[in-house]
Amino acid sequence: MANSSSTRGTSLDPRARRTRALLRAAVLDLSTEKDLDSITMSDIAQRAEVNRATVYLHYKDREDLLLDATESTMEGVVEAARACRLSVDTHALPDATPTHLISLFAQVDQHRAVYRQMLGEDGSARCATRLEHLLAQAWFEQLTAEPPGSPHETALQVRAHFLSGAVLAVIGRWTRGDFDGEGEDGGGGNGNGNGMSVAEVADLTWALIRGQK
């Protein structure tokens, strides 16, 4: 699922790959401290301890670098989505939340600050669109693998994008703490003051997915 930047990176020499890794790490680090829109190439160069000109040797602009950096955090989320069956497993308890959906939110929680920034009002539309596309693609592939008699392909595309957009909206609100106080323990359900826990938000999301026929 690499974009053009990370694809180019696979053909670079080891020193160049290390530099790109430093730049991606610098962006992710800075995203925990300030709005993505306010992060400059100079900020990134300073945090990565390289010259500003070096940044432009590897990325055409800030958005190119930002997409490459945030996409590295998306892999686990998308793989969890791909493994999470949208249909109810008849061999499991009917209300049981799939472990892969819980894993999806756990992956997000590992990079909570990044997703909070990326999906916020001052976030990156390009990164958000990329994640929405990847999630929809993962779910569409799963839906088209259903037995014969499934809805028309166009209907499946609509459902995949509907679910993807809905889950992204939940992720954005959840990582910003908009659901604080809604957990069973009265806010801080994950034990660190971030409101609803991974399990709680996964359970509620699954209940909504199950209702989407």
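**Notebook: a predicted all-helix chain**

I began with V108, which at 0% relative accessibility counts as buried, where buried stands for under 20% relative accessible area, exposed for over 50% and partly exposed for the range in between (1.4 Å probe, protein chains only). Before going on I noted that the model is predicted, that local features need pLDDT of at least 70 and side-chain atom pairs pLDDT 80 or more, while totals for chains, interfaces and linings use all residues. I also noted that residues are numbered from 1 along each chain as its sequence is written, and that side-chain values use heavy atoms, with hydrogens and water left out.

**Entry: V108 and its surroundings**

I placed V108 in helix α6, taking helices (H or I, at least four residues) and strands (E, at least two) as DSSP runs numbered from the N terminus. Setting aside residues up to four places away in sequence, I listed V77, Y115, I171, W174 and T175 as the residues that V108 touches, a contact being heavy atoms within 4.5 Å. For T175 I looked up the separation as well: it is 67 residues from V108 in sequence, and the C-alpha atoms of the two are 8.4 Å apart in space.

**Entry: the chain as a whole**

I counted 10 helices and 0 strands in the secondary structure of the chain. The chain has 213 residues, of which 42% count as buried. Among contacts with a separation of 6 or more, I found that residues 24 or more positions apart account for 68%.

L101 lies in helix α6, and at 1% relative accessibility I recorded L101 as buried. Not counting residues up to four places away in sequence, L101 touches C84, A202, T205, W206 and I209. For the pair L101 and A202 I noted 101 residues of sequence between the two positions and a C-alpha to C-alpha distance of 6.2 Å.

**Entry: the nonpolar core**

I then turned to the largest nonpolar core, which has 56 residues, and in which I44, L104, F105, Y115, L135 and W139 have the most contacts; such a core is a set of buried Ala, Val, Leu, Ile, Met, Phe, Trp, Tyr and Cys residues joined through side-chain atoms within 4.5 Å. At least two residues of this core come from each of α2, α3 (41-48), α5 (62-83), α6 (99-110), α7 (112-118), α8 (125-144), α9 (153-175) and α10 (198-210). The largest share is that of α8, with 10 residues. I kept in mind that in soluble globular proteins nonpolar side chains tend to be buried together. Looking at L104 by itself, and leaving aside its neighbours within four places in sequence, I found contacts with V77, A80, A81, L135, W139, V167 and I171.

**Entry: α2 against α5**

How do the axes of α2 and α5 cross? They come within 9 Å and cross at roughly 80°, with axes being lines fitted to C-alpha atoms, for helices over the stretch in contact, and angles running from 0 to 180 degrees between N-to-C directions. The two helices are therefore roughly perpendicular to each other, a term that covers 65 to 115 degrees, whereas under 35 counts as roughly parallel, over 145 as roughly antiparallel and the rest as oblique. On the α2 side I listed R20, L23, R24, V27 and L28, and on the α5 side L65, L66, D68, A69, T70, S72 and T73. These residues divide into 6 nonpolar, 3 polar and 3 charged, where Ala, Val, Leu, Ile, Met, Phe, Trp, Tyr, Cys and Pro count as nonpolar, Asp, Glu, Lys and Arg as charged, and the others, Gly among them, as polar.

The side chain of R20 reaches the backbone oxygen of H58 at 3.0 Å.

D29, in helix α2, is partly exposed, with a relative accessible area of 36%; its C-alpha atom is separated by 8.5 Å from that of R47, which is 18 residues away along the chain. A169, in helix α9, is partly exposed at 44%.

Most residues other than glycine have a negative phi. At 72% relative accessibility, E49 counts as exposed.

Technical notes:
Polar contact = N/O pair within 3.5 Å; in protein donor to acceptor, adjacent residues only side chain to side chain.
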